[in-house]
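This report walks through one protein chain, from its overall make-up to single residues. Please keep the sequence and the structure in view while reading.

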Amino acid sequence: MGIHGHHLPQPPLPESKTRRNTVRSLYKALARGNLNTVGQLLDQELEWWYHGPPNCHHMMLMLTGKSKHRDYRFRPRSITTVGELVIVEGWEEEIMRAYWVHVWTVKDGQITEFREYFNTWLTVILQVPGEDGKENVKAWQSEPQQRLNWSLPDLVLTV
């Protein structure tokens, strides 16, 4: 509250926080089985890529309604923004050895692209302007690689 009980206008959220909140809302809606909210957050022409074992398309099965929200619970352990990307990482050691990375592209409050990497380490490289053209800069890398001590394929996503 501002002076004399009036609400002061709030500054707009930075784009990165808005994108992160959009993706957090998606995971919360999925955990509750709220498919209406899920549908509002996803672009109708969602592009999707997958890398991992053929029987682990858990997120896409949930997004298409082919599995229930209780069939597989995604518990994000970290959420990071890199430009228009929101990178979500999680793993489950107790029940099954599962490690996953979701890379969401969020534009104007809508999720337009989804990349799912299951039991695959990921490194994200940004191409930025440099003195001799474009330079590659490591923007993100799978966090638990040394801690989990699992042998998994490692992919590079260049954006």
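The secondary structure of the protein chain comes to 4 helices and 8 strands, where helices (H or I, at least four residues) and strands (E, at least two) are DSSP runs numbered from the N terminus. The model is a predicted one, in which local features need pLDDT of at least 70 and side-chain atom pairs count only at pLDDT 80 or more, while totals for chains, interfaces and linings use all residues. Residues are numbered from 1 along each chain as its sequence is written, and side-chain values use heavy atoms, with hydrogens and water left out.

**Overall make-up**

Read along the sequence, the elements follow the pattern α-α-β-α-β-β-β-β-β-β-α-β. Of the 159 residues in the protein chain, 40% are buried; buried means under 20% relative accessible area, exposed means over 50%, and partly exposed lies in between, with a 1.4 Å probe and protein chains only. The chain exposes about 9,900 Å², of which carbon and sulfur atoms supply 49%, the accessible areas coming from the Shrake-Rupley method with a 1.4 Å probe. Among contacts (heavy atoms within 4.5 Å) between residues at least 6 apart in sequence, 55% join residues at least 24 apart.

**The open sheet**

In the order E7-E6-E8, 3 strands form an open sheet with mixed pairing; two strands count as paired if DSSP finds at least two bridges between them. Strand E7 (133–141) and strand E8 (154–158) are the edge strands, each pairing on one side only, and the twist averages 30 degrees from one strand to the next, with axes taken as lines fitted to C-alpha atoms and angles running from 0 to 180 degrees between N-to-C directions. Strands of a sheet pair through backbone hydrogen bonds, either parallel or antiparallel. Strand E6 (residues 121–130) pairs with E8 in the parallel sense over 5 bridges, and Val-124 has Leu-157 in E8 as its bridge partner.

Leu-126 also lies in strand E6 and, at 27% relative accessibility, counts as partly exposed. The C-alpha atoms of Leu-126 and Val-137 are separated by 5.2 Å, although these residues are 11 apart along the chain. Leaving aside neighbours within four places in sequence, Leu-126 is in contact with Val-82, Glu-135, Asn-136, Val-137, Ala-139 and Val-159.

**Nonpolar cores**

A nonpolar core is a set of buried Ala, Val, Leu, Ile, Met, Phe, Trp, Tyr and Cys residues joined through side-chain atoms within 4.5 Å. The largest such core has 25 residues, of which Val-23, Leu-26, Tyr-27, Met-59, Leu-63, Val-88 and Trp-104 touch the most other members. Two or more residues are given to this core by each of H1, helix H2 (35–41), helix H3 (58–63), E3, E4 and strand E5 (110–118), and H1 gives the most, with 5 residues. A second, separate core of 15 residues includes Val-103, Trp-121, Val-124 and Leu-157.

Not counting residues up to four places away in sequence, Val-88 touches Val-23, Tyr-27, Pro-76, Ser-78, Ile-79, Trp-100, Val-101, His-102 and Trp-104.

Side chains of opposite charge can pair when their charged atoms come close. The structure holds 3 salt bridges, a salt bridge being a side-chain nitrogen of Lys or Arg within 4 Å of a carboxyl oxygen of Asp or Glu.

| Arg-19 | Glu-15 | 3.7 Å |

Arg-19 is buried, with a relative accessible area of 13%, whereas Glu-15 is exposed at 51%.

Lys-107 lies in strand E4 (residues 98–107) and Glu-84 in the loop between strand E2 (78–82) and strand E3 (85–92), so this pair ties together parts that are 23 residues apart in sequence. Lys-107 is partly exposed, with a relative accessible area of 36%, and Glu-84 is partly exposed at 37%.

In the remaining pair, Arg-115 is buried at 12% relative accessible area, and Glu-113 is buried at 18%.

Thr-105 lies in strand E4 and counts as buried, at 4% relative accessibility. Apart from neighbours within four places in sequence, Thr-105 is in contact with Glu-84, Leu-85, Gln-110, Ile-111, Thr-112, Glu-113 and Arg-115.
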